[in-house]
Amino acid sequence: MENMTLNLKTALAKVQSMSRQSIGHNDEMFLQRIYGEGLNKYTERLRAIGFAGHEHVLDAGCGFGQWSLALAGMNQKVSACDISPLRVDFLGNLARELAVPNLDFRLSGIDELPYADDSFDAIFCYGVVFLTPWRKSLMELTRVLKLGGTLYVNANGLGWYMFLWQEEHNKADDFDPKAIAARTFTDTLRYDRENVFEPGMNLIIEPSVLEGELQKLGFSAINSSGEGCIHIDPSTPTPNPFFKGDYKGQIGVYEILATLGNKHYE
């Protein structure tokens, strides 16, 4: 594990130097947060929710790839996609530097996936569905997931945006949490009432609403909890949350694990 951490640090330094002119202040701080302690914390979280030993896993909305790399170390094949060319290129360069043989990556949003029906045994979707037209995204995730497959998705309730407003979490030169929180209310209103979605929107999705949509799509055995709290494999350590599950009595960041029993997305 120590050698892996050293290799990751060396590879990260090289890839970041290649991307230096493209990466903004917020992304620089984000990369330090997600990769600063290596991949072990992601591996432990994935094992806790049963995301190991699968034939083909999708990391839907992979970002800079920390979850993709962790998944690749525990599963036969991993596909990753993201709407950001910068992040897909970054992950591609990092995977090549680390010589990860079972990871492929594509430029794509999760609301229009470039994969065939029934492609994946499991789909992992972390920190992205609320940045998309999420009902359409759930339909796409359902389309490419095999019957009996597992979906992990997380999202934000009202409490998360209260937290952003009051605490200005991770504020940077090019990231204003208070402005994001303010816009999220009108973004959500437009999406819920007018079915309007535009790039850059953030959407509040309460757990009961997301669970209801999953049920309509044919999911069952739906397990919902605060972010980082689902623990279905008792042989693994208790997972450590990365975010607050509630804030001042309101739902913060939460996660859902569900099994696809039937497909009702047509």
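This is a predicted model: local features need pLDDT of at least 70, side-chain atom pairs count only at pLDDT 80 or more; totals for chains, interfaces and linings use all residues.
Modeller: Residues are numbered from 1 along each chain as its sequence is written, and side-chain values use heavy atoms, with hydrogens and water left out.

Colleague: How do you know whether the radius of gyration of the protein chain agrees with that of a compact globule?

Modeller: The rule, 2.2 Å times the number of residues to the power 0.38, is applied to a radius taken over C-alpha atoms; for 266 residues it gives a value near 18 Å, and since the protein chain has 18 Å, the two agree. Along the principal axes, the C-alpha atoms fill a box of roughly 50 × 45 × 35 Å.

Colleague: What makes up the count of helices and strands in the protein chain?

Modeller: There are 9 helices and 9 strands, taken as DSSP runs (H or I, at least four residues, for helices; E, at least two, for strands) and numbered from the N terminus.

Colleague: What describes the packing of α7 and α8?

Modeller: Their axes lie 7 Å apart at an angle of about 145°, on a scale from 0 to 180 degrees between N-to-C directions, with lines fitted to C-alpha atoms over the stretch in contact. The contact (heavy atoms within 4.5 Å) involves L158, Y161, L164 and W165 of α7, together with P177, K178, I180, A181, A182, T184 and F185 of α8.

Colleague: Why is the crossing of α7 and α8 called left-handed?

Modeller: The crossing of α7 and α8 is left-handed, which means that the near helix is turned anticlockwise from the far one by less than a right angle.
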